[in-house]
Amino acid sequence: MGSEAGVSPASSLVEERGVASSAARLPRAAAAYLLVAPFALVLLLFFVLPIALTLVVSFWSYNEYSITPSFTLENYAGVFEGCVSRLPELCTTFKTYLSTAKFCVSVWALTLLIGFIVSYFLAFHVRSPAVQIALFLVCTIPFWTSNVIRMISWIPLLGRNGVVNQTLTAMRATGEPIEWLLYSDFAVVLAFVHLFITFMIVPIFNSMMRIDRRLLEAARDAGASGWQTLCNVVVPLCKPGIAIGSIFVVTIVMGDFVTIGVMGGQQIASVGKVIQVETSYLQFPIAAANAVILLAVVLMVIWGLTRLVDIRKEL
Amino acid sequence: MKEGRPASFYWLAIVFALFVLFLYGPTITILALSFQGPEGGLTLPMNGMSSFWFAKLWAGVGVIDIWSAFARSMKLGLAVMVLTVILCVPAGLAYRMRFRGSTALFYVTIASLIVPSIVVSLGIGFEFRLIDEAVKGLAEAWDIDWLAESYTTAMGLFTSALGAHLSWTLPFGLLIMFAVFNRFDRRYEEAARDLGATSWQTFRHVVLPMILPSVIGIGLFGFTLSWDEIARTSQAIGDRNTLPLELQGLTTTVTTPEIYALGTVTTAISLAVVMLALAAISLLRRRQARHGSDAGKGLV
């Protein structure tokens, strides 16, 4: 456990024996290349190359009829048009990023809080391993079902005549149905938390399960209160899980256009949606420029998060 | 020494119960609502019980041919499942040996997981458009008439969409393989080699049976991630949509419980696949426990 996967494939025994018997077999390096080649090729063709092309196309020029290979910064200038000159008033791009960032922060805070509490309960309060596995499955199974279906499943609850409004009206808490429950920022955040909390629970739970229980006992014996143990022992040891979960949640929210589209009633702007709309108008170079900027922002966020932990140690 | 439950246990248990309700409540609501009577609407209360909306769904939703989208998603999901397994298992094996570029490939794999899907999708879209341009250009330049006339696009279900899905499922698969081999006891392989097994025999008869539950897990990831995928597919699918993409479109146009019926059907399929995989995994684990080590059971 905990050895750096792949980078330093542990056991030196195997290495030595490999050398001794390699005469009869394929050289080990060649075998490794053969085994990994198809995997690497698929990623090259469907991930590395597309990203590289996006970068290249973002410098191409275009007009209504055609796209021409060239080197121009116009697309980037177009994205940030008026962003500096009109300050302090925000341009569309900044507004969109600001709105996306707000979603990011609120969804991140909520998933972290709820995910941590749920994982903590599962890891430290459920004593029987069988029950633990069962409850963990209960938390993860919805992850396997369709996101769109899980989004629209809020309609009967949050709609104008939905359960929440019916209940509130019956209790005479509100005179009129509340309109902002569905197709609103609220609905978007709710759906994000509902859909992607699994990405927070799984890594945090994984980190917690690796904590040596004797450390908690030691903390208690040394006179720490429950709260002190939580803050000074559990949370620091969960940092890797928290970072991995955060990276997932933040990158998903940053690039999302489906959830924001469906739950925002197609009215709320997001970076992903801007890219999608531009593509549908065949404005590829400017869509590519937007994608490159989005990518840069996401990478900066991840870079910040990985400063906190070495993720590779956690696999 | 057994201690009583601390008070915090009960508070946390309540929070956990509420969380489960939050997780499942909405889905259960629409599962129930899909059995609305013919007069029923999109919200509670139930207006009778019937399978009316399923019958309507069976007949087709509006102008969209939902069942061929269904078939396309199913085929694609199965292809992604198979490819994810047969690409990730060897890659996982390769990572147990030292090879140049392993660190770079590792980072590329992680990047494929965390680069926003819309960016990847857009890139794959470009890639195929450029391929199309190139093919058309070549066909004209070399006067290959049949190609110039009949060629439309290379983009499609089993080209660009398949690739887009794999860029999403392969990282999950490789990470599972890492987790598996980090916990794998190499002495079993050494024992097999000492007994004269070839590399293939060692893999086939020792390693594979031991990692099979996780391999099924990889397949499960492959199928279900593909079955529900929207963001990566969106710009890379061409003109014939997969089921989730159709569903996304239907959310704005369909205002009857029919869409819940469709939701019930797709959720049922996802759950069936998950249950099947979990059952297979636990069956294999039990078999391993039965046939595994006989250490400590005495000599006779």
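**Cavity and aromatic pairs**

Modeller: Let us begin with the lining of the largest cavity, to which helices H6 (147-152), H9 (185-196), H12 (226-255) and H13 (258-263) of chain A and helices H4 (102-114), H9 (199-228) and H10 (231-234) of chain B each supply at least two residues. Helices here are DSSP runs of H or I with at least four residues, strands are runs of E with at least two, and both are numbered from the N terminus. This is a predicted model, in which local features need pLDDT of at least 70 and side-chain atom pairs count only at pLDDT 80 or more, whereas totals for chains, interfaces and linings use all residues. Residues are numbered from 1 along each chain as its sequence is written, chains are lettered from A in the order in which they are written, and side-chain values use heavy atoms, without hydrogens and water.

Colleague: What is a cavity, and which residues are closest to the centre of the largest cavity?

Modeller: A cavity is a set of points on a 1 Å grid over the protein atoms alone where a 1.4 Å probe fits but cannot get out, and lining residues have an atom within 4 Å of a point. The largest cavity has a volume of about 500 Å³, a volume being the space filled by probe spheres set on the points. Of its 29 lining residues, the closest to the centre are A:Asn147, A:Phe196, A:Ile252, B:Trp168 and B:Glu229.

Colleague: How is a pair of aromatic rings described?

Modeller: It is described by the distance of the centres and the angle of the planes. Rings of Phe, Tyr and Trp (its six-membered ring) pair if their centres lie within 6.5 Å; planes under 30 degrees apart are stacked, over 60 edge-to-face, and the rest tilted. The structure holds 35 such pairs over all chains. A:Phe46 and B:Phe128 are stacked, because their centres are 6.3 Å apart and their planes are at 15°. This pair crosses between chains, from helix H2 (residues 28-57) of chain A to helix H5 (residues 117-141) of chain B.

Colleague: Is A:Phe46 buried or exposed?

Modeller: Buried means under 20% relative accessible area, exposed over 50%, and partly exposed in between (1.4 Å probe, protein chains only). A:Phe46 is buried at 14% relative accessibility, and B:Phe128 is buried at 7%. B:Phe181 and B:Phe184 form an edge-to-face pair, at 5.7 Å centre to centre and 75° between the planes. Both B:Phe181 and B:Phe184 are buried.

Methods. 1 Å grid on protein atoms, 1.4 Å probe; cavity = no way out; pocket = protein on both sides within 12 Å on 5 of 7 lines; lining within 4 Å.
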